[in-house]
Amino acid sequence: MRAMTVVVGVGVVVLLGAVVAFGLAGGAASSTELGATWTSDTGRQVSANHHAVAVADGSVYAPISDDRDGSCALVSATAADGETRWRYEIPPENCTIHAVADPTVTDVDGDGRTEVLAATTEKEVAIFDAASGGVESRLGLSDYGYTQPIVANLTPAAGREIIAVDVTGTVFVFDPEGAVLWSATLDEYVWAQPTVDDFDGDGSPELVVGGREGDAVLFGPNGAVEWNTTVSKNGSISWGTHGQADGDPALEGVFATVGGDVVMVDGRSGAVEWRRNVGEFAAVHAFGDGDGDDVPEVYATGQDGRIHALDAGTGEIEWTTEIVVDRVQMMPPPNLGDLDGDGSSELLAAGNDGSVTVLDPATGDVLSSYARDVPIYTHATLADSDGDGASEAYVTYADGRVVRLDYERTE
């Protein structure tokens with residue numbers, strides 16, 4: 001086990017709208033700072049927005065909700081300046097804080113035009129023309145969708161399908177024309193993002209879904225259940241990620257529960273490989289070799305404001321850093337990406353206290369920080385939208401505003 005380092009009490013001062021970071025990396029001034037490029041005009045009266053944006057082709061697609069005044073919409077804005085391009089309004093009778101889930105941007109039908117897909121409380125996956133916002137088609141669900149639709153070639157048929165899992169755990173696999181190829185029911189709520197990949201290493205993709213009762217299910221291309229594992233009896237599965245942890249052909253799935261368990265599962269058999277408790281309301285998203293030692297890490301958060309780097313092969317804690325010292329409701333999971341364009345990754349962690357922190361993924365050292373006095377409930381979206389080789393961070397705050405953050409050198 002590596003030595004565990006703890007960084008406590010990172011300070012952030014907000015002064016006349018500017019953010020000044022101090023006490024970072026042992027008091028040494030950083031030549032690279034995290035700062036806001038723009039803040040969207042999509043503010044709402046509620047403080048509960050919790051779905052991440054999608055970014056593609058120079059545009060941002062933001063699910064924004066306010067169930068108090070019936071103002072719920074999918075909003076498209078330009079990535080360069082945050083100016084609104086178009087918006088799709090959810091009918092007031094369907095407007096809840098879950099009105100629009102995380103969107104997906106891709107060319108669904110192969111016609112050379114990009115579409116945006118989002119599950120909504122209209123009990124459907126709506127497919128929009130990305131340029132105009134016009135609705136191209138609607139795919140019916142049995143309930144509202146909480147998670148992001150998936151576009152992938154899951155079935156043996158040629159081409160890609162649209163996969164959606166609604167909040168009550170019903171799986172729908174649609175062909176590009178909207179016909180249901182197969183469906184299945186988990187009989188439990190689903191809040192964690194489902195994933196399609198070749199989990200068992202057999203050359204064909206599968207779909208993994210984790211549910212509220214702590215169960216994870218792997219569905220084969222035609223809907224057959226290949227394994228069903230009780231991941232944890234310590235609370236609902238609320239977050240998930242996956243990757244290659246041990247070098248065998250199978251991938252591994254990683255699940256985090258509200259009880260604090262982070263659990264790695266073998267993609268071939270569904271067997272639990274390791275389990276680590278990081279505190280209540282555990283969350284995972286980033287999975288990768290952040291320290292360059294050819295061994296990947298899983299980066300997990302807990303309600304106590306700490307980030308843990310876990311060895312993906314063993315679950316052993318490599319380092320722990322505290323980035324939020326005040327008690328918060330939960331902590332979103334961090335992202336891993338190249339924020340400064342130097343060819344190596346940084347760790348970007350959104351805090352429920354409104355802070356966004358850049359850390360060295362190898363050591364956990366804090367490099368820079370930004371804050372608004374508004375909670376954050378979901379991970380950032382990283383994308384190099386301006387083509388400069390560095391990813392920007394797009395953060396959805398609970399008040400419905402989206403902030404673009406750039407990590408830029410000041411020297």
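**Disulfide, pocket and backbone**

Reader: Which residues does a disulfide join, and at what S to S distance?
Author: A disulfide is a pair of cysteine sulfur atoms within 2.5 Å. In this predicted model, which numbers residues from 1 along each chain as its sequence is written, local features need pLDDT of at least 70, side-chain atom pairs need 80 or more, and totals for chains, interfaces and linings use all residues. Side-chain values use heavy atoms, without hydrogens and water. The disulfide joins Cys72 to Cys95, with S to S at 1.8 Å.

Reader: Is the disulfide of Cys72 and Cys95 right-handed or left-handed?
Author: The structure holds one disulfide. Its S-S torsion, between Cys72 and Cys95, is about 70 degrees, so the disulfide is right-handed.

Reader: How many residues apart are Cys72 and Cys95?
Author: Strands here are DSSP runs (E, at least two residues), numbered from the N terminus. Cys72 sits in the loop between S5 (59-64) and S6 (73-78). Cys95 sits in the loop between S7 (84-89) and S8 (104-106). The pair links distant parts of the chain, 23 residues apart.

Reader: Is Cys95 buried or exposed?
Author: Buried means under 20% relative accessible area, exposed over 50%, partly exposed in between (1.4 Å probe, protein chains only). Cys95 has 9% relative accessibility, so Cys95 counts as buried.

Reader: Which strand gives the largest share of the lining of the largest pocket?
Author: A pocket is an open set of points on a 1 Å grid over the protein atoms alone, where a 1.4 Å probe fits, with protein on both sides within 12 Å along at least five of seven lines; lining residues have an atom within 4 Å of a point. The largest pocket has 41 lining residues, with Asp102, Trp191, Trp239, Thr378 and His379 nearest its centre. Strands giving two or more residues include S4 (54-56), S16 (195-197) and S20 (237-243). The largest share, five residues, comes from S20.

Reader: How many residues of that lining are charged?
Author: Asp, Glu, Lys and Arg count as charged; Ala, Val, Leu, Ile, Met, Phe, Trp, Tyr, Cys and Pro as nonpolar; the others, Gly among them, as polar. The lining holds 23 nonpolar residues and 17 polar ones, and the charged count is one.

Reader: Where does Asp187 lie?
Author: Most residues other than glycine have a negative phi. Asp187 has a positive phi of about 65 degrees. Asp187 is exposed, with a relative accessible area of 68%. Asp187 lies in the loop between S15 (180-185) and S16.

Reader: What is the relative accessibility of Asp294?
Author: Phi of Asp294 is also positive, near 70 degrees. Asp294 is in the loop between S24 and S25 (297-301). Asp294 counts as exposed because its relative accessibility is 72%.

Notes. Helix = DSSP H or I, 4+ residues; strand = E, 2+ residues; numbered from the N terminus.
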